[in-house]
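Me: Hi! Could you walk me through a structure I have open here?
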Amino acid sequence: MREQPRESPRQFIGRESHYLWGRRYLLRVTEKHEKPSITLDHRTIRLTVRPGSSTEKRGDTIHAWHRSLLHQVVPDMIHAWEPKLGVSVSRYFLQRMKTKWGVCNPSSRSIRLNTELVKKPKDLLEYVIVHEMMHLIEPRHSERFFDLMNRHYPKWPEARRELNELPLGAEKWGVLNRKFADL
């Protein structure tokens, strides 16, 4: 990920391009005296903010929305793969990461996912989830690990290649986690 192209820093202004699930959307910004909100239509992300809101506040609103979208799909993907792999994930975390798409802690049975994945096609998110869950079976990137990946997710080399060719965002970094039971 260190060598991947990066997007220019987002300013969260009208007509700026943003990606969601692998598709490009134009941002439309409306200023109103109401709680910030986001709606999505065919090709537009509509961001409503208070008049005079800062770039940082607009970005925080978008990032919170991104996390909420991930929280809507990640649990179902994990639940779908647990019986296939014969593993159980106790918790997952969402975090902006500079150098990884995901991390697994086998001892706590938890996985950590990069929030940038919301910008990539959903099948690439699924690949990262399966990859991290596979570490619950085989903690290292050993020959056994890749044999298991080939057996359970044979298209992983193509997914990995595609994921590592797509540009990354240029953002500040922080952590947000959520217990699986909180959903």
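What follows is a short chat about this predicted model.

Me: Let's begin with Glu-16. Where does it lie relative to strand S1?
Reply: Glu-16 is in the segment before strand S1, which covers 17–20.

Me: Is Glu-16 buried or exposed?
Reply: Buried: its relative accessibility is 11%, and the cut-off for that class is under 20%.

Me: Which side chain does the side chain of Glu-16 make a polar contact with?
Reply: That of His-18, at 2.9 Å.

Me: And beyond its neighbours within four places in sequence, what is Glu-16 in contact with?
Reply: Pro-9, Arg-10 and Gln-11, plus Tyr-25, Leu-26 and Leu-27. Leu-26 turns up again in the sheet, where it belongs to S2 and stands opposite Ser-17.

Me: Nice, on to that sheet. In what order do the four strands run?
Reply: The order is S1-S2-S4-S3, in an open sheet with mixed pairing. S1 and strand S3 (37–40) are at the edges; each has a single partner strand, so one side of each has no neighbour in the sheet. From one strand to the next, the twist averages 35 degrees.

Me: How do S1 and S2 pair?
Reply: They pair in the antiparallel sense, over four bridges, with S2 made of residues 23–31.

Me: Which helix packs on the sheet?
Reply: Helix H1, residues 55–85. H1 touches S1, S2, S3 and strand S4 (44–49), and its direction makes about 125 degrees with that of S4.

Me: Changing topic: how many residues of H2 are buried?
Reply: 10 of its 13, so H2 is largely enclosed by the rest of the structure. Among them are Leu-124, Tyr-127, His-131 and Glu-132.

Me: What do the buried residues of H2 pack against?
Reply: They pack against H1, strands S6 (102–105) and S7 (110–114), and helices H3 (143–152) and H4 (156–165).

Me: What span should H2 have, and what is the distance between its end C-alpha atoms?
Reply: At 1.5 Å a residue, the 13 residues of H2 (122–134) should span 18 Å, and the end C-alpha atoms are 18 Å apart, which agrees.

Me: Last topic, backbone angles. What is the phi of Trp-21?
Reply: It is positive, about 50 degrees, although Trp-21 is not a glycine. Most residues other than glycine have a negative phi. Trp-21 lies in the loop between S1 and S2 and counts as buried at 18% relative accessibility.

Me: And what about the phi of Arg-109?
Reply: Arg-109 has a positive phi too, of about 55 degrees, and is not a glycine either. Arg-109 is in the loop between S6 and S7 and is partly exposed, with a relative accessible area of 39%.

Methods
Residues numbered from 1 in each chain as written. Predicted model: local features only at pLDDT ≥ 70, side-chain atom pairs only at ≥ 80, totals over all residues. Heavy atoms only, no water. Helix = DSSP H or I, 4+ residues; strand = E, 2+ residues; numbered from the N terminus. Buried < 20%, exposed > 50% of the residue type's maximum accessible area, 1.4 Å probe, protein only. Polar contact = N/O pair within 3.5 Å; in protein donor to acceptor, adjacent residues only side chain to side chain. Contact = heavy atoms within 4.5 Å. Pairing = 2+ DSSP bridges. Axes fitted to C-alpha atoms, helices over the stretch in contact; angles between N-to-C directions. Expected span 1.5 Å × (residues − 1).
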